Amino acid sequence: MKSATNLNLPASRGRPDLRDVVNKTWDVVVIGAGVAGSVTAALLAERGKRVLVLEKSHWPREKVCGGCLSSVAVQMLKRAGLGSALRRSQPIDRAVWQVGGQSIDLPTAGGAAISRSDLDAALVSCAVDRGCTFVPGVAAKLLPSEDRDSYRSVQLKIEDSNQTVLAKVVLACDGIAGTSMEAENWSQWKIARRAWMGVSVTFEDRNAGPIFAAHRSGFRTGSIHMHIGNGGYVGVVRMQSGNIHLAAALDPARGRDEGGPASLVRNILNSCGQTRLPDFQNLRLRGAGTLTRRRLHLGGHRVLAVGDACGYIEPFTGEGMAWAIRAAIAVVDVLPEMEDWPANLAEQWGQIHRNLIQRKQRWCAALRPLVHRPALAALAVTAGRAVPAIGQFLALQISPSDLSTPQGDFA
């Protein structure tokens, strides 16, 4: 059993006695302690709900992620009273797109770069401070129910034993790789044809070689560098610690042809003029499943999917986490009193999610062909350099800097 210090939780609130966890009915059980899950839990606890947060990984843990938050994501966290979670972040105000030998520098003021282990641990700590109970290292799945039931049963696999908790509401926030809802008939994924996969890695600057030295390559603290090449695109950012974080979206077929993800990442960076590279074969690239997917239905009886568990599309410059935060804020307002469960609530949540989240993903969907085809990306870079207003417009649509902009508002 991990100590409170190892869990990155307040010293007075380590892992709870599991007998206290299973021997009660919770208002809400949140499955998954990522951005969507921890923000949702913190907001519900602030409203006085008894919230249990379950996380399958041991804690803290790293996730495949670009490591960046857009300005809107930063603002939403602050408005939710969770700005302290960004204490270890590095401010981001520029995005540099590179295609072959061309590049364009775009403003993205107000964003932040932070490792997912730091961000998620800080958000969970905020949730615990507000009264949530957090249990890591537990695999959870929904058990079958009847529509007349006033609760849902969640099975917990803890080491070699199975336990059950009861919840008036279950929020599945376990992302695209989550399995908590696999027994629910409505929860199947629709995966895009030829969907790409995600990989990421963080490593010390001394391993990076001259490529990432600010005085040689122009890679600056406070900037995201996006490298677009055949078979994928690679984002690079320097964290507050000075470490380098790299995340990529890759064509799996191309990766197989070129000897694996590490080789493809190297080749993409090479094509953008980055020739002095670390030995990616010796770095542990973390992989995610195919990225672009969605669920046709977002809930069932006393359960709703939130965040990436609803669907995912290749994001840019931190918008993925903005969508998760926005969904967390929205679902808290959607939930009824815990004793009631309207028969059409899942459909209502689906409509709200489409209006609030999916319409904001359309720009990323529209731009996906651009970053999938270096020739088109090169034309866009050329146009943006010739007419700065084009680049500024695209930067605003991809990563809005203000909650009052059309793509950045709450409504």
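Modeller: Helices (H or I, at least four residues) and strands (E, at least two) are DSSP runs, numbered from the N terminus. What you're looking at is a predicted model, where local features need pLDDT of at least 70, side-chain atom pairs count only at pLDDT 80 or more, and totals for chains, interfaces and linings use all residues. Residues are numbered from 1 along each chain as its sequence is written, and side-chain values use heavy atoms, with hydrogens and water left out.

Biologist: OK, how many helices and strands does the protein chain have?

Modeller: Going by those DSSP runs, you get both kinds of element here. The tally for the protein chain is 12 helices and 19 strands.

Biologist: What share of the residues in the protein chain is buried?

Modeller: Buried means under 20% relative accessible area, exposed over 50%, and partly exposed in between (1.4 Å probe, protein chains only). Of the 411 residues in the protein chain, the buried share is 56%.

Biologist: And how much of the contacts with a separation of 6 or more comes from residues 24 or more positions apart?

Modeller: A contact here is a pair with heavy atoms within 4.5 Å. Once you take the contacts in the protein chain with a separation of 6 or more, residues 24 or more positions apart account for 71%.

Biologist: Let's zoom in on S12. How many of its seven residues are buried?

Modeller: Strand S12 covers residues 223–229 and is largely enclosed by the rest of the structure. Ser-223, His-225, His-227 and Gly-229 point one way, Ile-224, Met-226 and Ile-228 point the other way, and all of these are buried. So for S12 the count is seven of the seven.

Biologist: Which residue of S12 is the bridge partner of Trp-97?

Modeller: Two strands pair if DSSP finds at least two bridges between them. Strand S4 (residues 90–99) and S12 do that in the parallel sense, over six bridges. Within S12, the partner of Trp-97 is Met-226.

Biologist: Which residue of S13 stands opposite Ile-228?

Modeller: S12 is also joined to strand S13 (residues 232–238) by six bridges, and these two run antiparallel. Their hairpin has two residues between the strands, and Gly-231 takes a positive phi near 95° there. As for Ile-228, the residue opposite in S13 is Tyr-233.

Biologist: How about helix packing: at what angle do the axes of H8 and H9 cross?

Modeller: Axes are lines fitted to C-alpha atoms, for helices over the stretch in contact, and angles run from 0 to 180 degrees between N-to-C directions. Helix H8 (residues 319–334) and helix H9 (residues 345–356) have axes that come within 11 Å and cross at roughly 145°.

Biologist: Which residues make that contact between H8 and H9?

Modeller: Each helix contributes several. The contact is made by Arg-326, Ala-327, Ala-330, Val-331 and Val-334 from H8, and from H9 by Leu-345, Trp-349, Ile-352 and Leu-356.

Biologist: Which peptide bond is cis around Pro-60, and what is its omega?

Modeller: Pro-60 belongs to the loop between strand S2 (51–55) and strand S3 (68–69). Most residues other than glycine have a negative phi, and most peptide bonds are trans. The cis bond joins Trp-59 and Pro-60, with omega at about -5°.

Biologist: Is Arg-194 buried or exposed?

Modeller: Arg-194 is in the loop between S10 and strand S11 (197–203). Though not a glycine, Arg-194 has a positive phi of about 55°. With a relative accessible area of 69%, Arg-194 is exposed.

Biologist: And Arg-302, buried or exposed?

Modeller: Look in the loop between strand S17 (299–300) and strand S18 (303–305) to find Arg-302. Arg-302 isn't a glycine, yet its phi is positive, about 55°. At 3% relative accessibility, Arg-302 is buried.
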